[in-house]
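Colleague: I would like a close look at one part of this model. Please start with the chain as a whole and then go to the details.

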Amino acid sequence: VAAGGAGGLTLSWGYAITAPAYTLYMTTNLARPEIWHPVTNVVQSNNGVFSLSLPTTNSANEFFQLEAP
């Protein structure tokens with residue numbers, strides 16, 4: 001789930017507490033070769049739902065992927 005506002009973009013996702021620790025990656029271009037960068041913002045947890053806030057950027061496109069360890 002993504003929600004945007006003047007303060008930035010908020011991404012939320014949910015998974016079981018017992019699931020492995022996922023890493024969120026971001027890129028601005030899906031053309032090969034894609035270069036994925038880890039998102040290092042602090043993740044908040046509330047009742048098994050993990051969320052983080054991302055600042056707005058000047059990029060027209062931002063793509064995200066979750067990767068299991």
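What percentage of the 69 residues in the chain do buried residues make up? After that, please take me through the loop between strand 3 (23-27) and strand 4 (37-38).

Modeller: This is a predicted model, in which local features need pLDDT of at least 70 and side-chain atom pairs count only at pLDDT 80 or more, while totals for chains, interfaces and linings use all residues. Residues are numbered from 1 along each chain as its sequence is written, and side-chain values use heavy atoms, with hydrogens and water left out.

Buried residues make up 16% of the 69 residues; buried means under 20% relative accessible area, exposed over 50%, and partly exposed in between, with a 1.4 Å probe and protein chains only. The chain has seven strands and zero helices, where strands (E, at least two residues) and helices (H or I, at least four) are DSSP runs numbered from the N terminus. Of the contacts with a separation of 6 or more, 61% join residues 24 or more positions apart; a contact means heavy atoms within 4.5 Å.

Now the part you asked about. T27 lies in strand 3, and because its relative accessibility is 5%, T27 counts as buried. The side chain of T27 has a polar atom 2.9 Å from the backbone oxygen of I35. The backbone oxygen of N29 also lies 3.3 Å from a polar atom of that side chain. A polar contact is a pair of N or O atoms within 3.5 Å; within protein, one must be able to donate a hydrogen and the other to accept it, and residues adjacent in sequence count only if both atoms are side-chain atoms. Leaving aside neighbours within four places in sequence, T27 is in contact with I35, W36, N61, E62 and F63.

P33 sits in the loop between strand 3 and strand 4. The peptide bond leading from R32 to P33 is cis, with omega near -10 degrees.

R32 also takes part in a salt bridge: its side chain meets that of E34, at 2.9 Å from N to O. The term stands for a side-chain nitrogen of Lys or Arg within 4 Å of a carboxyl oxygen of Asp or Glu. Side chains of opposite charge can pair when their charged atoms come close. The structure holds one salt bridge. R32 counts as exposed because its relative accessibility is 72%, whereas E34, at 26%, is partly exposed.
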